[in-house]
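Subject: Structure handover

Hello,

Here is the structure I promised you. Please open it first, then read my notes below.

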Amino acid sequence: MAATAKGPASYFPSIEKKHGRPIAEWKELIRSSPLVKHTELVAWLKAEHGLGHGHANALVAHALAEGDAR
């Protein structure tokens, strides 16, 4: 039996399906952004890329937790 994703990663299949980009691509966008604060990055993903709050928050939280964003 496969392990079920928990936390922010549990949103990833839905994000990829709804927005048509792989998670690695979203994380690269976050890394390349000049923004550094969680709330700024979430607002940017929502405004510029049309993500909902939950999806944007999950991507940013995961990227920051991995140290990918900065």
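A salt bridge is a side-chain nitrogen of Lys or Arg within 4 Å of a carboxyl oxygen of Asp or Glu. Keep that cut-off in mind for the first part. Also remember that this is a predicted model.

**Salt bridges**

How many salt bridges does a search of the whole structure find? It finds three.

Start with Glu28 and Arg31. Their closest N and O atoms are 2.7 Å apart. That is a salt bridge because the cut-off is 4 Å. Both residues sit in helix α2, three residues apart, so about one helical turn separates them. Glu28 is partly exposed, with a relative accessible area of 41%. Arg31 is partly exposed too, at 32%.

Next come Arg21 and Glu25. They form a salt bridge, and the closest N and O atoms are 3.0 Å apart. Arg21 has 26% relative accessibility, so it counts as partly exposed. Glu25 has 35%, and it also counts as partly exposed.

Then look at Lys27 and Glu66. This salt bridge has its closest N and O atoms 2.5 Å apart. The pair links distant parts of the chain. Is Lys27 buried or exposed? Lys27 is buried, because its relative accessible area is 12% and buried means under 20%. Glu66 is partly exposed, at 43% relative accessibility.

**The nonpolar core**

Now go inside. The largest nonpolar core has 13 residues. Among those with the most contacts inside it are Ile15, Ile23, Trp26 and Ile30. Leu45, Leu59 and Val60 belong to that group as well. Which helices supply this core? α1 (12-19), α2 (23-32), α3 (38-49) and α4 (53-66) each give at least two residues. α4 gives the most, with four residues.

Pick out Ile23 on your screen. Leaving aside residues up to four places away in sequence, Ile23 touches Phe12, Ile15, Glu16 and Leu59.

**How α1 meets α4**

Two packed helices are described by the angle between their axes and the distance between the axes. For α1 and α4 the angle is about 125 degrees, and the axes are 10 Å apart. The two helices are therefore oblique to each other. α1 passes α4 in a left-handed crossing.

Which residues meet there? From α1 come Phe12, Ser14, Ile15, Lys18 and His19. From α4 come His55, Ala58, Leu59 and His62.

His55 deserves a look of its own. His55 sits in helix α4. At 12% relative accessibility, His55 counts as buried. Not counting residues up to four places away in sequence, His55 touches Tyr11, Ser14, Ile15, Lys18 and His19.

**A loop residue**

Last, find Ser33. Ser33 is in the loop between α2 and α3. Is Ser33 buried or exposed? Ser33 counts as buried, because its relative accessibility is 6%. Now locate Trp44, 11 residues apart from Ser33 along the chain. The C-alpha atoms of Ser33 and Trp44 are separated by 9.2 Å.

Best wishes

Note on methods
Residues numbered from 1 in each chain as written. Predicted model: local features only at pLDDT ≥ 70, side-chain atom pairs only at ≥ 80, totals over all residues. Heavy atoms only, no water. Core = buried A, V, L, I, M, F, W, Y, C linked by side-chain atoms within 4.5 Å. Buried < 20%, exposed > 50% of the residue type's maximum accessible area, 1.4 Å probe, protein only. Contact = heavy atoms within 4.5 Å. Axes fitted to C-alpha atoms, helices over the stretch in contact; angles between N-to-C directions. Parallel < 35°, antiparallel > 145°, perpendicular 65-115°, else oblique. Left-handed = near helix turned anticlockwise from the far one by under 90°.
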